Amino acid sequence: MYRPDVARARKRVCWEPWVIGLVIFISLIVLAVCIGLIVHYVRYNQRKTYNYYSTLSFTTDKLYAEFGREASNNFTEMSQRLELMVKNAFYKTPLRGEFVKSQVIKFRFRSTEDPETVNKIVQRVLHEKLQGAAGPPKVDPASVKIRKINKTETDSYLNHCCGTRRSKYPGQSLRIVGGTEVEEGEWPWQASLQWDGSHRCGATLINATWLVSAAHCFTTYKDPARWTASFGVTINPSKIKRGLRRIIVHEKYKHSTHDYDISLAELSRPVPYTNAVHRVCLPDASYEFQPGDAVFVTGFGALQNDGISQNHLRQAQVTIIDTATCNEPQAYNGAITPRMLCAGSLKGKRDACQGDSGGPLVSSDARDIWYLAGIVSWGDECAKPNKPGVYTRVTALRDWITSKTGI
């Protein structure tokens, strides 16, 4: 059964020796590191945040050809190394016990030190301690530049990075079918697609002008002029609304088998990135989401089969189920193709439902960056035992997305 509201888818490159004796590869690509220092004042029972913007250069004997492409394997690998390097650099400082998390684009600390002491420690660590930090990569300490920035600047930097979220990591929720409402900024890439003002499907923001959704959402409803996309945790009122300029449905989409159930929608004009509205990361085609991984599905869909859509966005934590299990006779009996991904529970209870179609199934990596794993596609009713939700596998169609959008 469809899930819409309509009719019940390193290479290693070494630099040549003659180029330079000591190979220095300077990468300033998004090593715009925004450092938030959370300082807790016990006496006044207050917390104050200090934000910094820093650029780093590093030396390496390897050229990461795709490092500049956000969410690529190279970018993720190098970011993880840098984050660990910074964590280790601060380990032997007065902030050791206060260190919370380091992340490219964002570092966070908690400290009882006064602001000037904190600032001196940060400056010293980033300018001196990194010189002896274990690599790779090796940071060039002379290249470190750092300045304080305010909250508005910080938010701007973070919002322009894909897959970041503002609110707390959600606890395990029950399901969209009767599940929990979400807070503003938890899933900022979620959109509602509305036909003549009525919610029909979900969609996911992949850059300022493009949404990805399900092909079956547009089987009957084809005119982009009658579609509206809204953003925010409620449909009414919404944070932002946009019309659609055009709709692209996959050329191989098959209504009868639900295969290639993917579409793209271009917005009439770009949306500005804010804490509440910004983009998810798209995984590389080679990325593998593993069976057993915990993922989240979100949507404005019904709380029960054949129910009505909801005004407030809901979330459900589900588990990826391997294709072989999903193709067993008691489940979907061979109907799951390589372009599909199953997620949910064989016991039922947690699932997407009507009105959630086209919406996101997302997974976080070790850096707490969120990637689009699937698109709500179809299933046998909602939350039935042995009938988990079926999603369009984004990695299988990643190259198609690039061919149409350049993303």
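Start at Asn 386, which is partly exposed at 29% relative accessibility. Buried here means under 20% relative accessible area, exposed means over 50%, and partly exposed is in between, with a 1.4 Å probe and protein chains only. Some ground rules. This is a predicted model: local features need pLDDT of at least 70, side-chain atom pairs count only at pLDDT 80 or more, and totals for chains, interfaces and linings use all residues. Residues are numbered from 1 along each chain as its sequence is written, and side-chain values use heavy atoms, with hydrogens and water left out.

Back to Asn 386. Its phi is positive, about 65°, although it is not a glycine. It lies in the loop between β19 and β20. Glu 381 is found in the loop between β19 (370–378) and β20 (389–393). Glu 381 has a positive phi of about 55° and is not a glycine either. At 33% relative accessibility, Glu 381 counts as partly exposed.

Why flag these? Most residues other than glycine have a negative phi, and most peptide bonds are trans. Pro 237 sits in the loop between β12 (227–231) and β13 (240–249).

Now the overall picture. The chain has five helices and 20 strands. These are DSSP runs, numbered from the N terminus: helices are H or I, at least four residues; strands are E, at least two. Of the 407 residues, 55% count as buried.

Next, helix α3, residues 151–159. Its buried residues are Thr 154, Asp 155, Leu 158 and Asn 159. Seen down the axis of α3, they fall within an arc of 125°, so they line one face of the helix. That arc is taken from the directions from the helix axis to the C-beta atoms.

Which side chain does Lys 151 meet in a salt bridge? Asp 155, at 2.7 Å, N to O. A salt bridge is a side-chain nitrogen of Lys or Arg within 4 Å of a carboxyl oxygen of Asp or Glu. Lys 151 is exposed at 55%; Asp 155 is buried at 15%.

By this rule the count is nine salt bridges. One of them joins Glu 181 and Arg 314 at 3.9 Å. Glu 181 lies in β8 and Arg 314 in β16, so the pair ties together parts 133 residues apart in sequence. Finally, Arg 245, Arg 246 and Glu 266 are linked in a salt-bridge network.
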